Amino acid sequence: MCIFCKIVKGEIPADRVYEDDKYMAFKDINPKAPVHILIIPKEHIGYLSEIDESNKYIIGDMAIIANKIAKNTGIDKSGYRIVINNGPDSGQEVFHIHMHLLGGKKMVFKA
Ligand code: AMP
Ligand code: ZN
């Protein structure tokens, strides 16, 4: 079982900031910004490249959750970035799809 599935099951601890029946969000263990939250579907999907017509709602749902968390953490006005890494060149390390929510400082790297 992957590390994020273990977090969903409660087998590995995580600093949860949001949960509903389909999604969970928790603080990144190695934060790259003052606010760095990971939003995941509870269902195991390995890669963004597995998103298609049948499950595209997951990306929208995660964006809505990111917006809510941005409001709750007070970065909605200062701005934030969402990132989904996919595959080797992106540096993806955990192979369970996740959306990074980053904020609380000016982003140095501008995509
Ligand atoms: P990615 O490079 O997009 O695959 O991002 C994986 C992210 O998961 C990294 O930012 C890690 O710091 C984070 N991470 C890995 N293990 C854990 C964990 N147990 N709890 C919280 N975040 C984690
Ligand atoms: Zn998983």
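Start by showing the strands: they form an open sheet of 5 strands in the order 1-2-3-5-4, with antiparallel pairing. This is a predicted model. Strands of a sheet pair through backbone hydrogen bonds, either parallel or antiparallel.

Next, select strand 1 (16-19) and strand 4. These two stand at the edges of the sheet, and each has a single partner strand, so one side of each is left without a neighbour in the sheet.

A hairpin of 3 residues connects strand 1 to strand 2. Which residue in strand 2 does Glu-19 face? Select Glu-19 and look opposite: Met-24 is there.

Move on to strand 2 and strand 3. Their pairing is also in the antiparallel sense, over 5 bridges. To see one position in this part of the sheet, select Lys-27, which stands opposite Ile-37 in strand 3.

Helix 2 lies across strand 1, strand 2, strand 3, strand 4 and strand 5. At what angle does helix 2 run to strand 3? The angle is about 150°.

Then show the side chains of Phe-4 and Phe-26. They form an aromatic pair of the edge-to-face kind, with 5.3 Å centre to centre and 80° between the planes. Phe-4 belongs to helix 1 and Phe-26 to strand 2, so the pair ties together parts that are 22 residues apart in sequence. The count of aromatic pairs in the model comes to 2.

The last stop is the largest pocket. Rolling a probe the size of a water molecule over the atoms shows where empty space is left. The volume of the largest pocket is about 750 Å³. Select Asp-28, Lys-32, His-36, Leu-38 and His-100: of the 30 residues that line the largest pocket, these lie nearest its centre. The elements that give two or more residues to the lining are helix 1 (3-9), strand 2 (23-27), strand 3 (35-41), strand 4 (80-83) and strand 5 (99-103). Which element gives the largest share of the lining? Helix 1 does, with 3 residues. Finally, colour the lining by class: 16 residues are nonpolar, 7 are polar and 7 are charged.

Conventions
Residues numbered from 1 in each chain as written. Chains lettered and ligands numbered in written order. Predicted model: local features only at pLDDT ≥ 70, side-chain atom pairs only at ≥ 80, totals over all residues. Heavy atoms only, no water. 1 Å grid on protein atoms, 1.4 Å probe; cavity = no way out; pocket = protein on both sides within 12 Å on 5 of 7 lines; lining within 4 Å. Points joined across faces, edges and corners; volume = space filled by probe spheres on them. Helix = DSSP H or I, 4+ residues; strand = E, 2+ residues; numbered from the N terminus. Nonpolar A, V, L, I, M, F, W, Y, C, P; charged D, E, K, R; others polar. Pairing = 2+ DSSP bridges. Contact = heavy atoms within 4.5 Å. Axes fitted to C-alpha atoms, helices over the stretch in contact; angles between N-to-C directions. Phe/Tyr/Trp six-rings, centres within 6.5 Å; stacked < 30°, edge-to-face > 60°.
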